[in-house]
Amino acid sequence: MSRPTRRQVLHGSAAALAGAALAAPVVFPGTAAARPVDRHGSSAGAGDAGGHEMPDPFDEMYEGRHIEGWPADEAGSGAGARRGPGGDGAHRAGRAAPHEGMDFVVRIDNDDLHVMRNADGTWVSLVNHYETFDTPRALARAAVRELKGADLVPVVTG
C-alpha cells in the first residue's frame, strides 16, 4: 500500500479545515460566527430587525398621489385599523392588515404597494423590483414616478 505524499496530506488538511470553518455557523447557530456582520464590523441583530433600524412613518402628497408608510407592527389589533404616521393613535377605517411577512406597509392612493427589505437594509417593491432604495419613502416616490398616473394593481396571494 502506498503512503500519502506531503502534498496530499496538506491538501486534505486544508480541505478539512475549510469545511469545519464553513460548517461552524450551522452547527453552532448561537455563536458570533453565525451572526451576520454589518458594514461597520459589528454583529447585527441586537435590538432591531437584521441590524437595521426601522424607517420612520410617512404620509405625504407626491406628484399628486397620496403616499404613506408605517412599520407593520403598528397595525391595529383588527384588520382595518392602524396608528397614524404621527403616532397620535388615531385609527383609520377601511384599511387592510399588512401582507404576511411584511416589515413595512406602503400605500399609494390607499392601495398596498408590496415592499421587501433586502439583507443589506435596502428596499425593493413590485413596481421597481430591479432597483433598490434606502428608505420606503424613496421607494414609494420612485413607484409613483414609474406608474406615471396608472393605478396600482393589488397583489393576490393564495
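Student: Leaving out residues up to four places away in sequence, which residues does Asn128 touch?

Tutor: This is a predicted model. Asn128 sits in the loop between strand S6 (123–125) and helix H2. Its contacts, once residues up to four places away in sequence are set aside, are Phe133, Ala142, Ala143 and Glu146.

Student: What separates the C-alpha atoms of Asn128 and Ala143?

Tutor: Ala143 is among the residues that Asn128 touches. Along the chain the two are 15 residues apart. Their C-alpha atoms are separated by 6.6 Å.

Student: Is Asn128 buried or exposed?

Tutor: A residue is called buried when its relative accessible area is under 20%. Asn128 has a relative accessibility of 7%, so Asn128 counts as buried.

Student: In what order do the strands of the open sheet run?

Tutor: Strands of a sheet pair through backbone hydrogen bonds, either parallel or antiparallel. Here the open sheet has 4 strands with antiparallel pairing. Their order is S1-S2-S3-S4.

Student: Why is one side of S1 and of S4 left without a neighbour in the sheet?

Tutor: Strand S1 covers 58–62 and strand S4 covers 111–113. One side of each has no neighbour in the sheet because both strands stand at the edges, each with a single partner strand.

Student: How many bridges pair S1 and S2?

Tutor: Strand S2 spans residues 65–71 and pairs with S1 in the antiparallel sense. Within this part of the sheet, Asp59 stands opposite Glu68 in S2. The pairing of S1 and S2 runs over 5 bridges.

Student: Which strands does helix H2 touch where it packs on the sheet?

Tutor: H2 is made of residues 136–147, and its direction makes about 25 degrees with that of S1. The strands it touches are S1, S2, S3 (104–108) and S4.

Student: Which residues is Leu139 in contact with, leaving aside its neighbours within four places in sequence?

Tutor: Leu139 is one of the residues with the most contacts inside the largest nonpolar core. Leaving aside neighbours within four places in sequence, its contacts are Leu113, Val115, Trp123, Val124, Ser125 and Phe133.

Student: Which residues do salt bridges with shared partners join into one network?

Tutor: Arg137 and Glu60 meet in a salt bridge at 2.5 Å, N to O. Glu60 also meets Arg141 in a salt bridge, at 2.9 Å. Glu60 lies in strand S1 and Arg141 in helix H2, so this pair ties together parts 81 residues apart in sequence. The network consists of Glu60, Arg137 and Arg141.

Student: With which residue does Asp109 form a salt bridge?

Tutor: The closest N and O atoms of the pair are 2.4 Å apart. Asp109 lies in the loop between S3 and S4, and the partner, 44 residues away, is in strand S2. That partner is Arg65.

Key. Residues are numbered from 1 along each chain as its sequence is written. This is a predicted model: local features need pLDDT of at least 70, side-chain atom pairs count only at pLDDT 80 or more; totals for chains, interfaces and linings use all residues. Side-chain values use heavy atoms; hydrogens and water are left out. Two strands pair if DSSP finds at least two bridges between them. Helices (H or I, at least four residues) and strands (E, at least two) are DSSP runs, numbered from the N terminus. Contact means heavy atoms within 4.5 Å. Axes are lines fitted to C-alpha atoms, for helices over the stretch in contact, and angles run from 0 to 180 degrees between N-to-C directions. Buried means under 20% relative accessible area, exposed over 50%, partly exposed in between (1.4 Å probe, protein chains only). A nonpolar core is a set of buried Ala, Val, Leu, Ile, Met, Phe, Trp, Tyr and Cys residues joined through side-chain atoms within 4.5 Å. A salt bridge is a side-chain nitrogen of Lys or Arg within 4 Å of a carboxyl oxygen of Asp or Glu.
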